[in-house]
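Q: I'd like to learn how to read a model like this one, feature by feature. Could you take me through it, starting with the aromatic rings?

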Amino acid sequence: MENPFDDIYFMKKALQEAEAAFDKGEIPIGAVIVIENRIIARTHNLTETLNDVTAHAEMQAITAAANFLGGKYLKNCTMFVTLEPCQMCAGALYWSQISNIVFGAKDEQRGCGVMGTTLHPKTKIKGGIMAEEASKLMKRFFVEKRNLN
């Protein structure tokens, strides 16, 4: 029997979080953290809501998952995030020792790859999962934002 809990399944959950961010006027990035096919954190950007430049979806997810697990390390966890993590988030993910990062759309300007950010040596990263859907949501957000101004 095929496992229904694959990368697409969890990325869809992250995209639901991105939609929630969009609805709040936040840059639409969503994240979930999973351990053993169980979501232990679901979050989205809250930088505008909290008036906090560090309130990225990934940062919120790291805190929520650490609280759930009762410890600061996210070993055996996978983060699904709709946009490639930025340098700040990748740094926090480094310190969390997360096992896997799966992202949707690549961030050609500020992503951890283009910035040359080092991840933890045991962390595996994979991109491009539902990239088109994540990218379309981001583009729609910025088109609407420009039209309002």
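Q: How many aromatic pairs does the count come to?
A: Two rings are taken as a pair if their centres lie within 6.5 Å. This is a predicted model, and here the count comes to seven aromatic pairs.

Q: How do I read the geometry of Phe5 and Tyr9?
A: Look at the angle between the ring planes: under 30 degrees counts as stacked, over 60 as edge-to-face, and the rest as tilted. For Phe5 and Tyr9 the planes stand at 85° with the ring centres 5.0 Å apart, so this pair is edge-to-face.

Q: And where else can I try that, say with Tyr94 and Trp95?
A: Tyr94 and Trp95 make an edge-to-face pair too, with 75° between the planes and 5.1 Å from centre to centre.

Q: Which residues form an aromatic cluster with Phe5?
A: Pairs can be followed from ring to ring. Here Phe5 and Tyr9 belong to one aromatic cluster together with Phe10 and Phe80.

Q: Zooming out, what order do the helices and strands come in?
A: Read the elements from the N terminus. The protein has five helices and five strands, and they run α-β-β-α-β-α-β-α-β-α.

Q: Why does the radius of gyration agree with a compact globule?
A: Compare the value with what the chain length would give. A compact globule of 149 residues would come out near 15 Å, and the protein has 14 Å, so the two agree. For the extent along the principal axes, the C-alpha trace spans about 45 × 35 × 30 Å.

Q: Last one: what do the surface and the charges look like?
A: The accessible surface is about 8,400 Å², and carbon and sulfur atoms hold 52% of that. As for charge, there are 17 positive and 17 negative side chains, with the centres of the two sets 4 Å apart.

Key: Residues are numbered from 1 along each chain as its sequence is written. This is a predicted model: local features need pLDDT of at least 70, side-chain atom pairs count only at pLDDT 80 or more; totals for chains, interfaces and linings use all residues. Side-chain values use heavy atoms; hydrogens and water are left out. Helices (H or I, at least four residues) and strands (E, at least two) are DSSP runs, numbered from the N terminus. The radius of gyration is taken over C-alpha atoms; the globule rule is 2.2 Å times the number of residues to the power 0.38. Accessible areas come from the Shrake-Rupley method with a 1.4 Å probe; for residues, only the protein chains shown count as cover. Lys and Arg count as positive and Asp and Glu as negative; His and the chain ends are not counted. The place of a charge is taken as NZ of Lys, CZ of Arg, CG of Asp or CD of Glu. Rings of Phe, Tyr and Trp (its six-membered ring) pair if their centres lie within 6.5 Å; planes under 30 degrees apart count as stacked, over 60 as edge-to-face and the rest as tilted.
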